[in-house]
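Q: I am new to this structure and would like a close look at one part of it: the pockets and what surrounds them. Could you walk me through that part?

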Amino acid sequence: MKILNTFIKNNTDLVKDMKTCLYHYNKNNLNLHHLESNVWTHTVMSYYNTIKYKYSDYVKWAILLHDIGRTLTRKENRLQEHVSFGDFEGVSIFLSIDILNKTNLSNNEKIKIMKIISYQYLVINFIKYDKPTKNKLINIFKYEEDILQNLAQYVRCDLLGRKVDESLIHLYDKTKMKDFINYTKTISTSKQDIKNNKYLINILVGPPCSKKSTWVKKHKKNAIIVNRDSCIEEIGKKYNKHNHDDAYYYIKSNKDAKIEIDTLYKKRKNYAKNSINKNIIIDNPNLELKSRKEWIDVFKDTHIIKVILFLSSFNDLVKCCEKRGIETNKNITKKELLNKLKTFTYPLLNEGINFINYED
């Protein structure tokens, strides 16, 4: 109970928000997968399961942190009398950073926790619906098979930490959960082939204000840099828009200017994609798997592929966005930031990545 008590003591406001974050719309419109009502009750019920099954501290922390993003993404649809949370997992990850940094967990343990949070629904949906299949799950975590075992343990605690309507009990198969955990223990760890490629592509992954631009200034020598914002600002100057926001909002309402932006960005992307004997830096958020895949598919045979993952805490991101708005008139609202974080999928080696470096 030490970890739970520490969490409660150090995060009183967050615990209050979790207690008032309801899964239900009202008493007549319940979430049948969460009859325990609120995020905090579910979290505590799940945490008790980590004690029951004697799981590791980082599985315990993953349970405590997995749903905290819901407190900022909860939406009510009054017409349909329905509650939704969207893709809250990315928000949970960035909210968790400040909390994890106050623990004695190693960096590797913190990374495991974030991966568990990011990919929780892959295993939940496998247990409940067999989608994805077991073989696809294993392939997703190729080179990082230990995470799958941690995820299986986490999901057991989560799914058994709920009050579920009788009509849905069949989806919560305890035997299937146990069997899958045992199966993950038998999976051999895969090893990546070592590349001897001369050139490097750095794919930066991080939300706005996570210090990507600062990193680029230090590492841009002899590299081709691809960045959409620079195209917006360059075209904006043609129309006497000399800061990012003025250029951005002008382009949104001007079809011709938008075509110019898209054309310039496409030209720079194509130039980079045809530069097989150059180092490349992709200086965009790249939070989604598909945005990273675009570049990995092009350079997987010619370059060493490195992801630079920027893990600034949610509070630091909000403060930075406010400061940058004042200083440069490049404004990102809290709502816009949350929408960005909701698209975040934690990078995995099986995407075709050779190395992942971390910046905070």
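A: Here is a walk through the pockets, the domains around them and a few local details.

This is a predicted model, in which local features need pLDDT of at least 70 and side-chain atom pairs count only at pLDDT 80 or more, while totals for chains, interfaces and linings use all residues. Residues are numbered from 1 along each chain as its sequence is written, and side-chain values use heavy atoms, with hydrogens and water left out.

The domain assignment, which is automatic or from a database, gives domain 1 (1-186) and domain 2 (200-358). Their contact (heavy atoms within 4.5 Å) takes 22 residues from domain 1 and 20 residues from domain 2. Taken over C-alpha atoms, the centres of domain 1 and domain 2 are 30 Å apart. Between them the two domains bury about 2,000 Å², with 69% of it on carbon and sulfur atoms; buried area is the accessible area (1.4 Å probe) that two parts lose on being put together, summed over both.

Now to the pockets. On a 1 Å grid over the protein atoms alone, a pocket is an open set of points where a 1.4 Å probe fits, with protein on both sides within 12 Å along at least five of seven lines, and lining residues have an atom within 4 Å of a point. A volume is the space filled by probe spheres set on the points, which are joined across faces, edges and corners.

The largest pocket holds about 1,500 Å³ of space. Its lining counts 47 residues, and Pro208, Asn227, Asp229, Pro285 and Lys330 are the closest to its centre. Among the elements that each supply at least two lining residues are helix H11 (212-219), strand S4 (223-226), helix H12 (228-238) and helix H14 (255-273). Helices (H or I, at least four residues) and strands (E, at least two) are DSSP runs, numbered from the N terminus. The lining has 14 nonpolar, 13 polar and 20 charged residues. Here Ala, Val, Leu, Ile, Met, Phe, Trp, Tyr, Cys and Pro count as nonpolar, Asp, Glu, Lys and Arg as charged, and the others, Gly among them, as polar.

Lys211, in the loop between strand S3 (199-205) and H11, has a positive phi near 80 degrees. Asn240, in the loop between H12 and H13, has a positive phi of about 60 degrees. Most residues other than glycine have a negative phi, and most peptide bonds are trans.

The second largest pocket holds about 340 Å³. Because domain 1 and domain 2 both give residues to its lining, this pocket lies between them. Of its 15 lining residues, Asn11, Leu14, Leu95, Ile99 and Asn315 lie nearest the centre. Helix H6 (89-100) is one of the elements that supply at least two, and H6 gives the largest share, four residues. By class, this lining has six nonpolar, four polar and five charged residues.

Finally, a look at charged pairs. A salt bridge is a side-chain nitrogen of Lys or Arg within 4 Å of a carboxyl oxygen of Asp or Glu. The structure holds 15 salt bridges, but zero are counted between domain 1 and domain 2. Lys176 sits in helix H10 (residues 174-184), and Asp130, 46 residues apart from it, in the loop between helix H7 (107-129) and helix H8 (134-140). Pro132 is also in the loop between H7 and H8, and the peptide bond from Lys131 to Pro132 is cis, with omega near 5 degrees.
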